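Me: I would like to go through this model with you, one question at a time. Please give the cut-offs as the terms come up.

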Amino acid sequence: MGSVRVSSGFVVGAVLTVLFVGAAALSYAWTPWSTEGLSIASRLRPPGGEHWFGTDHFGRDIFSMIMVGARTSITVALVAVAIGAGIGVPLGLAAAAGRGGWLDELVMRFNDLVFAFPALILAILITASLGPGAVNAILAIGIFNIPVFARLTRGAALSLWAREYILAARAAGKGAARISFEHILPNTANLLIVQATIQFSLGILAEVGLSYVGLGAQPPTPSWGRMLAEAQTMIYVAPWFAIFPGLAVALTVLGLNLMGDGLRDALDPRLKGRA
């Protein structure tokens, strides 16, 4: 009996993800310095023993702001993915169950409409219309996630409806809804878990992009995107102001992508068969 192989990339991705999620969780209870207090006398101090990542142009500790910024980005991305999966997966299951019907056609045309616009442009359009803020950023990113999960679920479910155990369930008198949630959904869970990690990383990038242009979380809430926007004019004066938030974004997204790739390899039945 083959065992599930865990790749080194998955381990690295999991460590990075746990590191940033842990920092975000810890920021609710503790940060080295306050992220709201200003100290003009301490502005633009380089990294050192007192301020590990230095300070910004208002004298705020960058390490503390990265911790709280992680909380903002992760919360926005996580809730947006939950919205996308919570609406998109049932839509995909219903479309596959009624393949060729009006609901299937409606879901596919909705997918085409959303995918006609680049994800970030659509998010900017929605947040610009509704107003800046974390809640509207969640809504904008979540709306784009819906067709992603709907299309993936529909495609995976369609390939399962012709299987023998599904035909047996139908012969036993089970309805389409019951078959979808008892048989189809568990057999598509692997794909959905991997896709969720990918959308989570894309959600963080989208939140950073929205905050960068001023449409994400608003002051005084720290945000990685706004930190990068404020640092761009000081890149030659205080490079640490841009380097550390940029590294936080890059390492978080890298960790989630590595973890997603590792999950895909571990959960793929064909790879299990080779093992």
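Me: What pLDDT does the protein average, and what share of the residues score at least 70?
Reply: This is a predicted model, in which local features need pLDDT of at least 70 and side-chain atom pairs count only at pLDDT 80 or more, while totals for chains, interfaces and linings use all residues. Residues are numbered from 1 along each chain as its sequence is written, and side-chain values use heavy atoms, with hydrogens and water left out. On the pLDDT scale, which is the predictor's confidence in each residue from 0 to 100, the protein averages 89, and the share of residues that score at least 70 is 95%.

Me: In which helix is confidence lowest, and in which is it highest?
Reply: Helices here are DSSP runs (H or I, at least four residues), as strands are runs of E of at least two, and both are numbered from the N terminus. Where pLDDT is low, the predicted coordinates should not be read in detail. The lowest confidence, a mean of 51, belongs to helix 10 (residues 269-274), and the highest, at 95, to helix 2.

Me: How many helices and how many strands are there in the protein?
Reply: Read along the sequence, the pattern is α-α-α-α-α-α-α-α-α-α, and the C-alpha trace spans about 75 × 50 × 30 Å along its principal axes. The count is 10 helices and 0 strands.

Me: What percentage of the 275 residues in the protein is buried?
Reply: A residue is buried under 20% relative accessible area, exposed over 50% and partly exposed in between, judged with a 1.4 Å probe and protein chains only. Accessible areas come from the Shrake-Rupley method with a 1.4 Å probe, and for residues only the protein chains shown count as cover. The protein exposes about 13500 Å², of which carbon and sulfur atoms supply 69%. Of its 275 residues, the buried ones make up 45%.

Me: Is T31 buried or exposed?
Reply: T31 sits in the loop between helix 1 (8-26) and helix 2 (62-97), and a polar atom of its side chain lies 2.8 Å from the backbone oxygen of W33. With neighbours within four places in sequence left aside, T31 is in contact (heavy atoms within 4.5 Å) with S64, M67 and V68. Because its relative accessible area is 19%, T31 is classed as buried.

Me: Which residues is A95 in contact with, leaving aside its neighbours within four places in sequence?
Reply: A95 belongs to helix 2 and is buried, with a relative accessible area of 0%. A95 is 18 residues from A77 in sequence, and the two are 26 Å apart in space, C-alpha to C-alpha. Beyond those sequence neighbours, the contacts of A95 are L103, D104, V107 and R154.

Me: How far apart are the closest N and O atoms of R264 and D265?
Reply: R264 is partly exposed at a relative accessible area of 42%, and D265 is partly exposed at 31%. These two residues form a salt bridge, in which the closest N and O atoms are separated by 3.4 Å.

Me: Which residues do salt bridges that share partners join into one network?
Reply: A search of the whole structure finds 11 salt bridges. Those that share partners join four residues into one network, namely E105, R109, D112 and R151.

Me: Which residues form a nonpolar patch on the surface?
Reply: Patches are made of residues with over 30% relative accessible area and no salt bridge, like charges being joined within 9 Å and nonpolar side chains (Val, Leu, Ile, Met, Phe, Trp, Tyr) within 5 Å. One member, L251, lies in helix 9 (residues 240-267) and counts as partly exposed because its relative accessibility is 33%. The patch, with about 320 Å² of accessible area together, is formed by I243, L247, L251 and L254.

Technical notes:
Salt bridge = Lys/Arg side-chain N within 4 Å of Asp/Glu carboxyl O. Polar contact = N/O pair within 3.5 Å; in protein donor to acceptor, adjacent residues only side chain to side chain.
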